[in-house]
Amino acid sequence: MSERDVFEYAVLRVVPRVERGECFNAGVLVYCHAKSFVAARIHLDERKLLALDPAADVVGVRAALRAVEGVCHGGDGAGQAAGDDAGRRFRWLIAPRSTVVQPGVVHSGLTRDPEAEVERLLDVLVR
């Protein structure tokens, strides 16, 4: 049986109108230092988005969520973070910003499989 590794995660939330502070969960971000692993999975509920802001830019919000996934993957899709290691990319993504897509509080846990953890958290916290 393999050992479990520490991982960190944050929920990605959508705040359609920052001035109102209303939000809903639209993805998860997971980092595991021991595995040099960072990944995000998204699930944008467009009905929730439009219920909170009928004039919301659905395409723009989806693009912002996909950009988070791109930073996680690294390479050309990561922009300025392209050369950074997984930990630096995770820390950059969890930094607070006043935007429509925001990271929640960082939590930690133990896992044998960070990739499976991403899917489990998406099911539990977002879908």
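User: In this predicted model, which element gives the largest share of the lining of the largest pocket?

Analyst: The model is a predicted one, and its largest pocket, with a volume of about 230 Å³, is lined by 17 residues, of which A64, V68, R97, T99 and V101 lie nearest the centre. The elements that give two or more residues to this lining are α2 (58–73), α3 (86–94) and β4 (101–103). The largest share, 6 residues, comes from α2.

User: How many residues of the lining of the largest pocket are nonpolar?

Analyst: Sorted by class, the lining of the largest pocket includes 3 polar residues and 1 charged residue. The number of nonpolar residues in that lining is 13.

User: Is the aromatic pair of Y31 and F90 stacked or edge-to-face?

Analyst: The structure holds 2 aromatic pairs, and in one of them the rings of Y31 and F90 have their centres 5.2 Å apart. This pair links distant parts of the chain, since Y31 lies in strand β2 and F90 in helix α3, 59 residues apart. Both Y31 and F90 are buried. Planes under 30 degrees apart count as stacked, and the planes of Y31 and F90 stand at 20 degrees, so the pair is stacked.

User: Is E19 buried or exposed?

Analyst: E19 lies in the loop between β1 (5–14) and β2 (24–32), and its C-alpha atom is separated by 9.8 Å from that of S98, 79 residues apart along the chain. A residue counts as exposed over 50% relative accessible area, and because E19 has 61% relative accessibility, E19 counts as exposed.

Note on methods. Residues are numbered from 1 along each chain as its sequence is written. This is a predicted model: local features need pLDDT of at least 70, side-chain atom pairs count only at pLDDT 80 or more; totals for chains, interfaces and linings use all residues. Side-chain values use heavy atoms; hydrogens and water are left out. Helices (H or I, at least four residues) and strands (E, at least two) are DSSP runs, numbered from the N terminus. Buried means under 20% relative accessible area, exposed over 50%, partly exposed in between (1.4 Å probe, protein chains only). On a 1 Å grid over the protein atoms alone, a cavity is a set of points where a 1.4 Å probe fits but cannot get out, and a pocket is an open set with protein on both sides within 12 Å along at least five of seven lines; lining residues have an atom within 4 Å of a point. Grid points are joined across faces, edges and corners, and a volume is the space filled by probe spheres set on the points. Ala, Val, Leu, Ile, Met, Phe, Trp, Tyr, Cys and Pro count as nonpolar, Asp, Glu, Lys and Arg as charged, and the others, Gly among them, as polar. Rings of Phe, Tyr and Trp (its six-membered ring) pair if their centres lie within 6.5 Å; planes under 30 degrees apart count as stacked, over 60 as edge-to-face and the rest as tilted.
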